[in-house]
Amino acid sequence: MNNPFVQIVEPLDPKQPLKKFFNLSKLEDVRYARLPFSIRILLEAAVRNCDEFLVKKGDVENILNWKVMQHKSVEVPFKPARVILQDFTGVPAVVDFAAMRDAVKKLGGDPEKINPICPADLVIDHSIQVDFNRQSDSLQKNQDLEFERNKERFEFLKWGSRAFKNLRIIPPGSGIIHQVNLEYLARVVMDQDGYYYPDSVVGTDSHTTMIDGLGVLGWGVGGIEAEAVMLGQPISMVLPEVVGYKLIGNPQPLVTSTDIVLTITKHLRQVGVVGKFVEFFGPGVAQLSIADRATIANMCPEYGATAAYFPVDDISIGYLIQTGRDKEKVMCTKKYLEAVGMLRDFKNSSQDPDFTQVVELDLHTVVPCCSGPKRPQDKVAVSDMKKDFETCLGAKQGFKGFQIAPDRHNSIVKFNFEGRDFELAHGSVVIAAITSCTNTSNPSVMLGAGLLAKKAVEAGLTVKPYIKTSLSPGSGVVTYYLRESGVMPYLSQLGFDVVGYGCMTCIGNSGPLPESVVEAITQGDLVAVGVLSGNRNFEGRVHPNTRANYLASPPLVIAYAIAGTIRIDFEKEPLGINASGKKIFLKDIWPTRNEIQAVERQFVIPGMFKEVYQKIETVNKSWNALDAPSDKLYTWNPKSTYIKSPPFFDGLTLALQTPKTIEGAYVLLSFGDSVTTDHISPAGNIARNSPAARYLTSRGLTPREFNSYGSRRGNDAVMARGTFANIRLVNKFIDKQGPQTIHFPSGEILDVFDAAERYKQAGHPLIVLAGKEYGAGSSRDWAAKGPFLLGVKAVLAESYERIHRSNLVGMGVIPLQYLPGEDAGTLGLTGRERYTIIIPEKLKPQMNVQIKLDTGKTFHAIMRFDTDVELTYFYNGGILNYMIRKMAS
């Protein structure tokens, strides 16, 4: 390490003779002390790897000039310490690795060079569905069905764990990736290669940011980018702006961490933090537990930031001990952070860094709330929920509207369920799920839900039997403390049995609703409701039959399940009437913060974490029994409908192909704002009338065997047909929701895949038009891979969510952005024109390019290759092609 800005400091502890570290804070430069803590970690990672990667357009000195350089597009090569993956994104990553080995071999290279260099952990948490609920054996039945459906995928992943070094698989049934990372995988300080250095991570799931709550800098990237990181490639990023979010005051007694995070989500969406870091500071942070901070950090993708960072403080150190980490290692972690000036005291304002911008929230102003009915940022105070939903019923179709005729607002449909008569109306709750990494990692809200359930049962309240209730904890620790604290039987009595350890309802693995319920919803064209403690509620995500979905804290999920409707004012209307005729209000059973904290102190203890995690890799007997080959090259099965060698590298040569102008492209689809990756590449149900269903049927499968799009991400034939297959897709070319478009040469309305195939056969390139926040939501790489396979050469949008833009770059699809103040409307674009995009011979980051229409009109757009490294990927036809050429040569 030959760098004037780095001192190698001798060991902190005589017992640790090899553990030296890079001391960046001893530069005798006050500028370092003014850097945001998150930027210090970026700087440390860049300097630590400076022998291999240089900071472009300057050196460390430039980055220390924080206020000057943050506006000058300084590229920082960030090389994270770890990568984490989940199975929906992990399977295609391992498929790509297997195909890359084949490609490197064909080009004369060593295929075993395709291997993770940094530690990579893959947690299987996305495959289990809520097929069974309200039964004592629901958990076992769901897990058995998960293995029956996904055995081939799991065998493939087990092959990957044997074929690749540094790839560890956490078996199904262990928990949700982000909670396992928080409670078990995260180091906070890395202790390897003879040095201490800060832990950092990128993951193939957008909610990787949850670990920021523990002081580990991390964020979600697309699977394509993660694969490159695993192969040793740094993430080249422009030095981000950092918004300081100051928390003051104390939360009110009835407020949960969910209420705080939904408030922050709405606030930061309004502030505008896309592509920026958010770093929390102020005395209010000290009032938040690590679980509270993790909940806030988890929702970072919903407010659009890259990271939502909480620096390490004494509460973080205490959490490491509480979760059973080795005490001696924890003390070394603390000493290291003190030595490099990175242990934060939130009550000491002299430690507050310089930020690009500062915004503030008084925690005392936060009130109980939900978000919905279609977006996480649309916060609604619980006191306003009834009125807000009823307004949405009649409002114009959109994020806050369903356009139901006024004379139908009070429609009622009667139906029979298990021999009893019931009624459904607009606003009736049909799914109530305590689910997702966002909330099930937090003992305060989970125990709060348990205590509320106990009081509800004791008060004589019940949940209607047709409501699909479920509890899917983020780890076995949650079940442990719910059981030990005595609240589990009450949760079960209300229908909230443990149904699995995975994402489940939050990602759309909600399973089927009762047929009579579906028939009633369809008959009355009802706006039925899902209430979940999740992080996303985009249209068509949770369940095809719940048009309104609200994010809520676990206690509120139970409250709305008891009420049976979203159209209730908890202040004025009772949750229910018990057998004695007494009206029971929510305030009668809501547990206080003091009650919850007393139970948490007693029952959330280190021994639980140690007991659960010491056997996490071996506890699943079904996984242990799986047999998988250990060959270094994968033997593809041509009959498989799950695992297929992708066509991305067909015909790849060592020589680069010069990018060419895109001539006469047709517009495949024209969108408005907030088109999510769920719209582009849905993860859930495969509709029986879809192109993907027709393909699977042709391969001899029945609808019962279709599984989900998410589970079939290892098969490009299914995923290409599933691209833009969301039933709630709104394409401006079509006057109704659905996955269809106009094939302009013929004028026919076709399924999107079928239209794209016709264009491809005729040799016509395609583009997509979109509005603001294109690609919001999950980090799924198939939202870029799918359009690439359909023949989409470019997307023209008003703005992009960070991860999706990166994924498009990774696949060689050009992300174009309208010039400031322009959009399709101001330019008079209908989408029925043909587009020629002029690609100059010499490219530079964020340059303007000319677009010519067949109408004679010409305009310019920004080519959103933001760094020179991204342009290198484009010249190679994508990041994976670049890596193959690099390894082969």
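Visitor: How do helix H16 and helix H22 sit, and at what angle do their axes cross?
Guide: In this predicted model, the axes of H16 (residues 443-458) and H22 (residues 593-603) come within 9 Å and cross at roughly 110°. Axes are lines fitted to C-alpha atoms, for helices over the stretch in contact, with angles from 0 to 180 degrees between N-to-C directions. Helices (H or I, at least four residues) and strands (E, at least two) are DSSP runs, numbered from the N terminus.

Visitor: So what do you call that arrangement of H16 and H22?
Guide: H16 and H22 are roughly perpendicular to each other, a label for angles of 65 to 115 degrees.

Visitor: Which residues make the contact?
Guide: From H16, Pro443, Ser444, Leu447, Gly448, Leu451 and Lys455 take part, and from H22, Glu595, Ile596, Val599 and Glu600. Contact means heavy atoms within 4.5 Å.

Visitor: Which residues of H22 are buried?
Guide: Ile596, Val599, Glu600 and Phe603 are buried. Buried means under 20% relative accessible area, exposed over 50%, and partly exposed in between (1.4 Å probe, protein chains only).

Visitor: Quick check on the ground rules: how are residues numbered?
Guide: Numbering starts from 1 along each chain as its sequence is written, and side-chain values use heavy atoms, leaving out hydrogens and water. As the model is predicted, local features need pLDDT of at least 70 and side-chain atom pairs count only at pLDDT 80 or more, while totals for chains, interfaces and linings use all residues.

Visitor: New topic: is asparagine 181 buried or exposed?
Guide: Asparagine 181 is buried, at a relative accessible area of 1%. This residue lies in helix H7 (residues 177-185). Leaving aside neighbours within four places in sequence, asparagine 181 is in contact with Arg82, Ile84, Ala186, Val201, Ile211 and Arg325.

Visitor: Where does aspartate 407 lie?
Guide: Aspartate 407 lies in the loop between helix H14 (385-394) and strand E18 (412-417). With 68% relative accessibility, aspartate 407 counts as exposed. Its C-alpha atom is separated by 63 Å from that of alanine 46, 361 residues apart along the chain.

Notes: Angles under 35 degrees count as roughly parallel, over 145 as roughly antiparallel, 65 to 115 as roughly perpendicular and the rest as oblique.
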